[in-house]
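Visitor: I am new to this structure. Please pick a single part and take me through it closely.

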Amino acid sequence: MSRPDRRDLGLLALRVGTGAVLAAHGTQKLAGWFGGGGIAGTTAAMEAMGFHPPKNSAVAAGLGEAGGGALLALGLATPAAGAAAAGAMAGAVAVHAPAGFFAQGGGYEYPAFLGFTAAAIGLAGPGRYSLDHATRHVFDRPWTVALAFVGSAVAAAAVVGRRARGRRAVIDPDTT
């Protein structure tokens, strides 16, 4: 192996750090780890936030974060992992958007940062120190980038749009 490449080391650090944060956040939703609510608590939270069906939304958010995060950290199926995590974070951004940008006021700063970072890793690729590289990029083909990000964008738009329509119907029943 040739000497370490700073770009690949940087991608490794970014992938592992971002992936670990996302995986931990997702396991709060799925398993109740790290003080999270697990599926039951997350389902109740999703319902309160206007996501329907709430249990499916809880599972999808948890899998997007935990699964996408774990795969990002490993550098495996990197385009799909980045797209899944970014899509999950789009839902979180929608929830926090009414509070403005900054996290200290409950805003969307943090989920937006995680989503953009996951998307950037998915687009840039995992670098040399990854399972994608070790498997000769079998799960990281050029067409998977487009498919993963288009699929994630369509799914996120549908979920966020459904939530927005439901919330408008509750506020003003005459708009439906």
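Guide: Start with length. Helix 1 covers residues 6-31, which makes 26 residues. At 1.5 Å a residue, helix 1 should span 38 Å, and its end C-alpha atoms lie 36 Å apart, so the two values agree. Keep in mind that this is a predicted model.

Now look at the two ends. At the start of helix 1, Asp 5 has a side-chain oxygen within 2.7 Å of the backbone nitrogen of Arg 7. After helix 1 comes Gly 32. The phi of Gly 32 is positive, near 75°.

Next, the buried residues. In helix 1 they are Asp 8, Leu 11, Arg 15, Thr 18, Gly 19, Leu 22, Ala 23, Gly 26, Thr 27 and Lys 29. What covers them? The cover includes helix 2 (38-49), helix 3 (54-74), helix 4 and helix 5.

Leu 22 belongs to the largest nonpolar core, which has eight residues. Another core, of five residues, lies apart from it; Ala 86 and Phe 149 are among them.

Last, the open space. The largest pocket has a volume of about 640 Å³. Of its 32 lining residues, Met 46, Ala 61, Glu 65, Ala 88 and Ala 92 are closest to the centre. Helix 1 is one of the elements that give two or more residues to this lining. Helix 4 gives the most, with nine residues.

Notes
Residues are numbered from 1 along each chain as its sequence is written. This is a predicted model: local features need pLDDT of at least 70, side-chain atom pairs count only at pLDDT 80 or more; totals for chains, interfaces and linings use all residues. Side-chain values use heavy atoms; hydrogens and water are left out. A nonpolar core is a set of buried Ala, Val, Leu, Ile, Met, Phe, Trp, Tyr and Cys residues joined through side-chain atoms within 4.5 Å. Buried means under 20% relative accessible area, exposed over 50%, partly exposed in between (1.4 Å probe, protein chains only). Helices (H or I, at least four residues) and strands (E, at least two) are DSSP runs, numbered from the N terminus. The expected span of a helix is 1.5 Å times one less than its number of residues. Contact means heavy atoms within 4.5 Å. A polar contact is a pair of N or O atoms within 3.5 Å; within protein, one must be able to donate a hydrogen and the other to accept it, and residues adjacent in sequence count only if both atoms are side-chain atoms. On a 1 Å grid over the protein atoms alone, a cavity is a set of points where a 1.4 Å probe fits but cannot get out, and a pocket is an open set with protein on both sides within 12 Å along at least five of seven lines; lining residues have an atom within 4 Å of a point. Grid points are joined across faces, edges and corners, and a volume is the space filled by probe spheres set on the points.
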